[in-house]
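Have a look at the structure first, and then we can walk through it together.

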Amino acid sequence: MSFPAFRSRRLRRTEALRRLSQEVELSPRHLIAPLFVKEGIPEPVPIPSLPGQVQHTRSSLVEEVGELVELGVGGVILFGIPARKDAVGSGAWDDEGVVQRALRALRSEFGDRAVLMADLCLCEYTDHGHCGVLAEGPDTVDNDRTLELYGRIAASQARAGADVIAPSGVMDGQVAAIRRALDGAGFSQVVILSYAAKFASTFYGPFRDAAESAPRFGHRRAYQLAPANLRAALRRVEEELAEGADAVMVKPALPYLDVVRAVRERWQVPVAAYCVSGEYAMLHAAAQRGWLDLESAMMEVLLAIRRAGADWILTYFAKDAAWLLR
Ligand SMILES: [Zn+2]
């Protein structure tokens, strides 16, 4: 036998052979578009650190979701920016709140053709920018008092038509509290996608501009996970699945693909990965300087997240990628 016997290049010789040999697929249905909707603006407002993304009005949001549905994108997840904030974030569970009104508008426009997800947190609604109500003492969020408010938000978002509630505040016991509130309000069919493995990341920077949710003081390291800790992340995933999460998320995506893989291998639920604002901004910045080709870098990143084991990818690239994949 001539050397070498194994020639991997045989399967890569033609475009057709390469297509036949492709192991994972990326299609529009895998993508979930994060969208911002802001109260009290007459026109959509561009977000400078997220090129191509805007804070939507309710009508521009409906238009955008129409295009995404047309392109076959799997779903959208809404973040609301209220006109007024207060110490407890009461705008978050107001049935006339910015997200609730947006959900009702989208549901009446698209019926069940669109999967509508609602991010559930308080940081966009509190005047201090933390994800829960403050406890006595510096930099601390009162976990257990916050849970009661999360339950109220979940019921309100479900009443407004959310298919999926996605708690992102990383409070202990949040999934159980939300499941109880949903079931108690007659929404046992509503899905919980928990941000179970959410790391305290620098890559969230541009999002905080977009959602106007940067903490006024302190940081979120007391509740979000430490970047070094895989085992701690798996422990949270285990706990939130036991509390009744239907699907779990790893956030951010690219710096945490090992976490995506580990979660994929251990549990049989849908795994989502959130390719966050900093990951998006970084590719755009490099492309603007001519250092990277944006389209091919975007597709490579999204395919890599799929290969790591994500079923769903939350990404600001959802529309552009779906357009290329159509
Ligand atoms: Zn938050």
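Does Leu234 count as buried, partly exposed or exposed, and what is the reason? The model is a predicted one, and in it Leu234 has 17 C-beta neighbours inside 10 Å, so this residue counts as partly exposed.

Leu234 sits in helix 7, which spans residues 230–242. Once neighbours within four places in sequence are set aside, its contacts are Ala262 and Arg266. Ala304, by comparison, is 70 residues away from Leu234 in sequence and 21 Å away in space, C-alpha to C-alpha.

Two packed helices are described by the angle between their axes and the distance between the axes.

| Helix pair | Axes come within | Crossing angle |
|---|---|---|
| Helix 8 (residues 257–266) and helix 10 | 8 Å | roughly 35° |
| Helix 10 (residues 294–308) and helix 11 (residues 318–325) | 11 Å | roughly 95° |

In the pairing of helix 8 with helix 10, Leu257, Val260 and Arg261 of helix 8 meet Ala304, Ile305 and Ala308 of helix 10. This contact comprises five nonpolar residues, no polar ones and one charged residue.

Helix 10 and helix 11 cross at roughly 95°, and are therefore roughly perpendicular to each other. Here Glu295, Met298, Met299 and Leu302 from helix 10 meet Asp320, Ala321 and Leu324 from helix 11. By class, that contact has five nonpolar, no polar and two charged residues.

Key:
Residues are numbered from 1 along each chain as its sequence is written. This is a predicted model: local features need pLDDT of at least 70, side-chain atom pairs count only at pLDDT 80 or more; totals for chains, interfaces and linings use all residues. Axes are lines fitted to C-alpha atoms, for helices over the stretch in contact, and angles run from 0 to 180 degrees between N-to-C directions. Helices (H or I, at least four residues) and strands (E, at least two) are DSSP runs, numbered from the N terminus. Angles under 35 degrees count as roughly parallel, over 145 as roughly antiparallel, 65 to 115 as roughly perpendicular and the rest as oblique. Two residues are in contact if their C-beta atoms, placed from the backbone, lie within 7 Å. Ala, Val, Leu, Ile, Met, Phe, Trp, Tyr, Cys and Pro count as nonpolar, Asp, Glu, Lys and Arg as charged, and the others, Gly among them, as polar. A residue is buried if 20 or more other C-beta atoms lie within 10 Å of its own, exposed if 12 or fewer, and partly exposed in between; C-beta atoms are placed from the backbone.
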